[in-house]
Amino acid sequence: MTVHFNSKLATIPGYTPGVPKGHSAEDVAKSSLAQLASNESPFDPLPEVIEAVTRAAGSMNRYPDPEATLLRQRLGERHGVDPARIAPANGSCEILLAAGEALLEPGAEIVYAWPSFSMYPNLAAMSGAREIRVPLAKGEVHDLEAMLTEITAATQLVLVCNPNNPTGTYLPFSEIRSFVERVPDHATVILDEAYIEFQTVDDPDASLQLLDDHDNLVILRTFSKSHSLAGLRVGYAIGSPAFRAAMDAVRQPFSVNALAQAGAVEALKHGEAIRSQVLAAIKERARVEEGFKAHRLLTATTGANFSWVSLGEDGAEIEELVVNDLTAAGIIVRAGRGLGGPGWLRISYGTTEENDRMLEALGDSVRRHS
Ligand SMILES: *Cc1c(COP(=O)(O)O)cnc(C)c1O
């Protein structure tokens with residue numbers, strides 16, 4: 001006799017880590033490897049945040065506050081929303097999985113764009129719901145009209161990633177608003193705004209004004225990207241109090257650990273410093289995009305901290321060779337094939353020095369193989 005795991009396990013996609021096999025994240029941080037595969041911030045966490053986390057470590061013999069009361073209060077002040085609407089989480093990925101648990105089951109439907117965030121396919125696989133993937137439109141943007149036509153009486157969840165991972169493309173708030181207004185009330189819309197701080201079109205908090213009129217809307221944010229805290233694991237949802245209660249019902253009470261709560265509370269005190277890091281990343285983005293152009297590489301219009309780079313007509317054939325060349329040069333990027341976009345690369349922005357190294361190695365490799 002041998003152990004049999006349940007049948008859904010075979011269909012759940014595994015997560016491919018951005019760091020090469022056999023390396024820990026710490027090894028990579030200390031090495032000269034340019035880690036441009038996970039859209040992390042190249043900036044160190046703020047020293048005040050490191051201090052707050054260190055201080056909190058002194059009382060980690062105790063369980064954390066299961067309600068994350070202080071963090072919810074500070075987030076409420078930061079966004080001008082009732083803390084009763086805010087569900088902090090062990091990274092915003094926890095909310096995605098918990099939303100699948102709370103809303104999906106066999107017979108239900110989930111609608112999302114593709115290519116989009118690699119976690120989304122897990123929700124259908126884990127719940128047995130039917131998934132409808134709507135191809136991106138021209139320009140690698142969400143096709144919101146096509147998504148609307150896929151919504152039925154069985155639709156329980158609609159995911160919109162804005163800016164979209166892996167393409168970086170951003171849909172203006174006016175389009176998001178008209179979409180949310182047209183989605184029927186029975187379908188929950190999760191607006192995944194992991195990169196919202198990096199777009200320069202709208203006020204990053206524009207979408208929050210839709211919450212009052214749409215109980216079925218959930219906005220997802222994270223400290224992982226803009227706040228340089230990917231390793232701390234803290235994100236949050238803003239939705240209806242009922243959505244928050246559903247999240248709490250399906251996950252363990254202590255999912256946001258004490259260090260994460262303390263670090264996030266401290267980070268919220270330093271909006272100016274975070275904002276200047278985000279502005280530096282936006283400035284660097286313009287320079288890196290010029291570099292791609294100089295190598296005659298086309299990219300999708302990005303509003304994020306990464307680019308989606310086309311390797312051209314024969315891109316699918318050279319993609320693996322190019323990724324291997326970059327890896328050999330100590331530069332880790334994401335192959336598009338594993339993200340639903342063969343022939344493309346997703347490249348996060350690192351430090352200026354890392355970006356220059358990446359541009360040079362990429363230019364060399366593409367010239368060699370095309
Ligand atoms: C990185 C990312 C997240 C955030 O994940 P965390 O669990 O908060 O680290 C969520 N959505 C998208 C689209 C992302 O790229």
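Predicted model: local features only at pLDDT ≥ 70, side-chain atom pairs only at ≥ 80, totals over all residues.

Domain 1 covers 7-44 + 271-369, and domain 2 covers 47-267. Their C-alpha centres are 24 Å apart. Domain 1 puts 32 residues into the contact, and domain 2 puts in 26 residues. About 2300 Å² is buried between domain 1 and domain 2. Carbon and sulfur atoms give 60% of that area.

H2 is residues 47-57, and H9 is residues 258-267. At what angle do H2 and H9 pack? About 150°, with the axes 8 Å apart. Angles over 145 degrees count as roughly antiparallel, and H2 and H9 are therefore roughly antiparallel to each other. The crossing of H2 and H9 is right-handed. From H2, the contact uses Glu48, Val49, Ala52, Val53, Ala56 and Ala57. From H9, it uses Ala258, Leu259, Ala262, Gly263, Glu266 and Ala267. By class, that contact has 9 nonpolar residues, 1 polar and 2 charged.

Now the pair in domain 1. H10 spans residues 271-294, and H12 spans residues 352-369. They pack at about 15°, axes 10 Å apart. That makes H10 roughly parallel to H12. Here too, the crossing is right-handed. H10 brings Glu284, Arg287, Val288, Gly291 and Phe292. Those meet Thr352, Asn355, Asp356, Met358, Leu359 and Leu362 of H12.

Methods:
Residues numbered from 1 in each chain as written. Heavy atoms only, no water. Axes fitted to C-alpha atoms, helices over the stretch in contact; angles between N-to-C directions. Helix = DSSP H or I, 4+ residues; strand = E, 2+ residues; numbered from the N terminus. Parallel < 35°, antiparallel > 145°, perpendicular 65-115°, else oblique. Left-handed = near helix turned anticlockwise from the far one by under 90°. Contact = heavy atoms within 4.5 Å. Nonpolar A, V, L, I, M, F, W, Y, C, P; charged D, E, K, R; others polar. Domains from an automatic or database assignment. Buried area = accessible area lost by both parts, 1.4 Å probe.
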